[in-house]
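The following note collects points for a colleague who wishes to read this structure closely. It is arranged as numbered paragraphs, each on one topic.

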Amino acid sequence: MVGPSGKKEKVDKAGPSGGGKKKKDVKKETGLGLSVKKDENFGEWYSEVCKHEMIEYYDISGCYILRPWSMAIWEIMQTFFDAEIKKMKVKNCYFPLFVSPGVLEKEKDHIEGFAPEVAWVTKSGKSDLEVPIAIRPTSETVMYPYYSKWIRGHRDLPLKLNQWCNVVRWEFSNPTPFIRSREFLWQEGHTAFATKEEADKEVLEILELYRRIYEEYLAVPVVKGMKSENEKFAGGLYTTSVEAFIPNTGRGVQGATSHCLGQNFAKMFEINFENEKGETEMVWQNSWAYSTRTIGVMIMTHGDDKGLILPPKVASVQVVVIPVPYKDANTQGIFDACTATVSALSEAGIRAEEDLRDNYSPGWKYSNWEMKGVPLRIEIGPRDLENDQVRTVRRDNGAKEDIPRGSLVEHVKELLEKIQENMYEVAKAKREACVEEIKTWDEFIVALNKKKLILAPWCDEEEVERDVKARTKGETGAAKTLCSPFEQPELPEGTLCFASGKPAKKWTYWGRSY
Ligand code: 87F
């Protein structure tokens, strides 16, 4: 028998945990559990956790199979986001995967830095294509020629389109499941307006949806803010983002971006409209995206030494019900109680499943579902049957509680809400503990070496950021700005930039990043 750990193991039909074998013995016998601890080797830990059962590695480096366990999370977020943007009158569409070189060239200035990451199709069968064809790394150049065609007058505006699709960026630096992969899933929204005011407003509305995906669904705290000139999308006017932080590695991670493109692309692609006065004007554009990276940030934030911990709102199985039969107990009665429990929960809209497999012990099942991160476990044994109750065990803090079957649904609903809330609070407290406000270069270096999320007064000059990058360049990557938070602490008059000594203009988050 090959168990969840992939190792060979004996089938264990022993009784309930505590009733015979101790937990430790089960672990030894089955090889269950992770082989590395989150604090000891984060990289190994992450890759091991992903393999249960979010991801399967593929035979092309940087490409991963999204298994149902992770795809379900993506779909739940998609359902939320898709409904929200439809309320904003955004419509879905689908543009081709392939980009002609001519169109890609049009965006030359902005694509320059990205060019090495563009993948090309050069052959069909054995013959070379007459003209190689690029695979979309993003769809500005694919879509905007048609925006130019479709937008004629002010009545054609606003044009708000979104597509759910895959993109390919042939990255060369260390691929990481979900966080940096060569192909990934995302949504990309591309909108065009008559006025800058409308565009500005939408940028923040979308950013708020991204915050909600992270904070309300994934229970990951993020900071909303403005990207620096160096870090913004070069093709746009300004870039806003939500930024997360991974305490274990001391790295920031850009969670999603919402850009105001201004009129740059309108100029390049001649996206003009006739206004009410009959004059020709250029449109104002936005673009915005979040990707499957969200799932990686969630895994890194919440997982522990037992495996994944899924926030209830995105878990495809929120409750797993496990029978705990024992010797001469009424096994059929216990199984029936499990099935009835799942039915009652499912009817109330809770995503519940039973695990009635007869070739695994309850203890093995506990570890297996813990590894997969199911937020709540329900155990039903002989004593529970007798007392007309079930035992609940929380994945986030291990808390156990016996609840009467009469109030099962309310109780479970409440527990799932508490788990969701607690996961967010714990993650937030951990992040807050990493934030360090600094004033000087020396403090900056000390904080950086302590893997802190650094909040520093900054002069907001491009050259100074470039200089900080150069001065912190090392094996683990240079430090850069993450964002200038919209919520700014007070900046006392006369505060100086930590890096240049010039007058500081704002507080900015700095750190190494993914
Ligand atoms: C890689 C290769 C070629 C990022 C790239 O963020 C081009 C690019 O344009 C590229 N990597 N970008 C920037 C993407 C900007 C923008 N696109 C629409 C977004 C949101 C969705």
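1. Lys 451. The model is a predicted one. Lys 451 has a relative accessible area of 42% and is therefore partly exposed, since that class covers what falls between under 20% for buried and over 50% for exposed. Lys 451 belongs to the loop that runs between α14 (441–449) and β21 (453–458). Its phi is positive, about 60°, although Lys 451 is not a glycine.

2. Asp 388. A positive phi is also found at Asp 388, near 55°, again in a residue other than glycine. The residue sits in the loop between α12 (382–387) and β18 (389–394). Because its relative accessibility is 43%, Asp 388 counts as partly exposed. As background to these backbone values, most residues other than glycine have a negative phi, and most peptide bonds are trans.

3. Cis peptide bonds. One joins His 52 and Glu 53, with omega at about -15°; Glu 53 is in the loop between α2 (42–50) and β1 (55–57). Another runs from Leu 157 to Pro 158, where omega is near -5°. Pro 158 is part of the loop between α6 (140–150) and β7 (159–168).

4. The ligand shell. Which residues are closest to the ligand? They are Phe 114, Thr 138, Glu 140, Arg 169 and His 259, out of 16 residues that surround the ligand. By residue type, the shell divides into eight nonpolar, five polar and three charged residues. Strands β8 (183–193), β11 (251–262) and β14 (284–291) each contribute at least two residues to the shell. The largest share, three residues, comes from β14.

5. A nitrogen atom of the ligand lies 2.6 Å from an N or O atom in the side chain of Glu 140. For His 259, the distance from a side-chain N or O atom to an oxygen atom of the ligand is 2.7 Å. The side chain of Thr 257 likewise has an N or O atom 3.4 Å from an oxygen atom of the ligand. Taken alone the ligand exposes 470 Å², and the protein buries 94% of that.

6. Helix α3. This helix comprises 20 residues, 68–87. An α-helix has 3.6 residues a turn, so residues three or four places apart point the same way. After α3 comes Lys 89, whose phi is positive, near 70°.

7. Glu 84. Glu 84 and Ser 173 are 89 residues apart in sequence, and their C-alpha atoms are 35 Å apart in space.

8. Helix α13. Helix α13 has 25 residues, 408–432. From first C-alpha to last it reaches 36 Å, close to the 36 Å expected at 1.5 Å a residue. Among its buried residues are Leu 408, Val 412, Leu 415, Leu 416, Ile 419 and Met 423. Gln 420 and Arg 431 are buried in this helix as well.

9. Glu 281 is in strand β13 (residues 280–282), and it counts as partly exposed because its relative accessibility is 31%. Phe 498 is in the loop between β22 (480–485) and β23 (506–513). At 4% relative accessibility, Phe 498 therefore counts as buried. Phe 498 and Asp 328 are 170 residues apart along the chain, and their C-alpha atoms are 72 Å apart.

10. An unreviewed UniProt entry lists residues 96–311 as "domain: Aminoacyl-transfer RNA synthetases class-II family profile". Over this range the chain is 27% helix and 35% strand. The end C-alpha atoms of the range are 35 Å apart.

Technical notes
Residues numbered from 1 in each chain as written. Predicted model: local features only at pLDDT ≥ 70, side-chain atom pairs only at ≥ 80, totals over all residues. Heavy atoms only, no water. Near = heavy atom within 4 Å. Polar contact = N/O pair within 3.5 Å; in protein donor to acceptor, adjacent residues only side chain to side chain. Areas by Shrake-Rupley, 256 points an atom, 1.4 Å probe, with all protein chains shown as cover. Helix = DSSP H or I, 4+ residues; strand = E, 2+ residues; numbered from the N terminus. Nonpolar A, V, L, I, M, F, W, Y, C, P; charged D, E, K, R; others polar. Expected span 1.5 Å × (residues − 1). UniProt positions renumbered as here; feature names shortened; annotations may be inferred. Buried < 20%, exposed > 50% of the residue type's maximum accessible area, 1.4 Å probe, protein only.
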